[in-house]
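Reader: I am new to this structure. Can we go through it by asking what each term rests on?

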Amino acid sequence: MRILLGQNLPAFYEKAAQLFLESVAQAVRERGQAVVALSGGSSAKPFFSLLAGAYTRDRIPWSSLYIFWVDERCVPPNHPDSNYGAAKDLLLSKVPIAPSHVFRMAGEMEPASAAAKAYDQGLRAFFKLSKTIPTFDFIILGMGEDGHTASLFPKSEALLEKDHWAAAPYVDKFSAHRITLTLPVINNARRVLMMCPGASKSDSVKLIFQADPASTNTPAQMVKPITGELIWMLDQESASKLPPDIRYKAEHF
Ligand code: 6PG
């Protein structure tokens with residue numbers, strides 16, 4: 001696991017974009033394609049905008065890139081809460097990616113369990129796998145103040161899912177279902193970037209790095225890629241409550 005600690009938000013997102021470009025380029029070199037999964041939330045939005053920027057957009061091999069989602073709200077794609085909708089507005093509508101390379105979760109589908117099953121089947125079809133867990137080249141995650149990631153919330157049964165690659169947990173906090181990739185898929189990725197900027201994350205970041213994993217039910221602590229790389233991306237605000245020894249170990253940029 002690496003901890004990257006950015007001096008400010010512009011540097012934070014430029015670094016995230018750089019890591020994305022590197023991962024995509026390496027995947028295309030090695031396997032002829034790059035398969036990524038995007039999260040939603042506010043932390044991801046500046047990242048999408050940066051990728052759509054002229055400098056970065058023209059360095060991404062869009063014809064070799066396939067985009068999936070980490071999670072989705074159970075709303076239509078044009079709903080303001082849609083993770084796909086946010087990525088489409090800020091990124092996909094501004095870059096030359098073919099619709100056939102974009103695999104959104106059907107948030108409008110009811111029941112949500114059917115949407116999760118459809119996504120699970122879509123993953124198996126795309127990766128041409130039946131039992132083997134798919135390997136994404138790059139997964140972007142965020143973390144909520146309660147330590148959730150993807151749509152895997154504390155105490156959720158979806159945290160225990162081992163056989164399905166997508167689930168549709170009911171989230172009490174929102175009185176709604178969500179659709180989410182499950183931990184076996186997330187932890188099978190080649191690179192996972194946990195983007196955690198901002199003061200609102202400082203308490204949960206402190207918990208993640210200080211608490212005994214066995215003593216908490218923080219889903220973000222359960223993100224442990226089996227062979228892939230986990231990168232925690234923090235900024236000065238989200239890292240502000242970390243002890244000096246952990247801050248010292250971080251790669252400052
Ligand atoms: C979602 C996200 C979720 C998000 C965290 C952090 O659907 O909301 O996928 O997991 O990454 O909640 O959200 P913020 O970036 O808005 O703090």
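Reader: Where does proline 111 lie?

Author: This is a predicted model. Proline 111 is in the loop between strand E5 (102–103) and helix H5 (112–126).

Reader: What makes the peptide bond from glutamate 110 to proline 111 cis?

Author: Its omega is near -10 degrees, and the bond is cis. Most peptide bonds are trans.

Reader: What of asparagine 83 and glycine 142?

Author: In asparagine 83, a side-chain N or O atom lies 2.8 Å from an oxygen atom of the ligand. Glycine 142 uses a backbone N or O atom, 3.4 Å from a ligand oxygen atom. This pair is within 3.5 Å too, so it also counts.

Reader: How much of the ligand does the protein bury?

Author: Taken alone, the ligand exposes 420 Å². The protein buries 88% of that.

Reader: Which residues come nearest to the ligand?

Author: There are 16 residues around the ligand, and Ser42, Ser43, His148, Ala150 and Lys201 come nearest. By class, the shell has 2 nonpolar, 10 polar and 4 charged residues.

Reader: Where does the ligand sit?

Author: The ligand sits in the largest pocket. To sit there, more than half of its atoms must lie within 2 Å of the pocket's grid points. The volume of this pocket is about 380 Å³.

Reader: What lines the largest pocket?

Author: The lining has 23 residues, with Gly40, Gly41, Ser42, Arg73 and His148 nearest the centre. They divide into 9 nonpolar, 10 polar and 4 charged.

Reader: Which strands each supply at least two residues of that lining?

Author: Strand E4 (71–73) and strand E6 (138–142) do. E6 gives the largest share, 3 residues.

Methods:
Residues numbered from 1 in each chain as written. Predicted model: local features only at pLDDT ≥ 70, side-chain atom pairs only at ≥ 80, totals over all residues. Heavy atoms only, no water. Near = heavy atom within 4 Å. Polar contact = N/O pair within 3.5 Å; in protein donor to acceptor, adjacent residues only side chain to side chain. Areas by Shrake-Rupley, 256 points an atom, 1.4 Å probe, with all protein chains shown as cover. 1 Å grid on protein atoms, 1.4 Å probe; cavity = no way out; pocket = protein on both sides within 12 Å on 5 of 7 lines; lining within 4 Å. Nonpolar A, V, L, I, M, F, W, Y, C, P; charged D, E, K, R; others polar. Points joined across faces, edges and corners; volume = space filled by probe spheres on them. Helix = DSSP H or I, 4+ residues; strand = E, 2+ residues; numbered from the N terminus.
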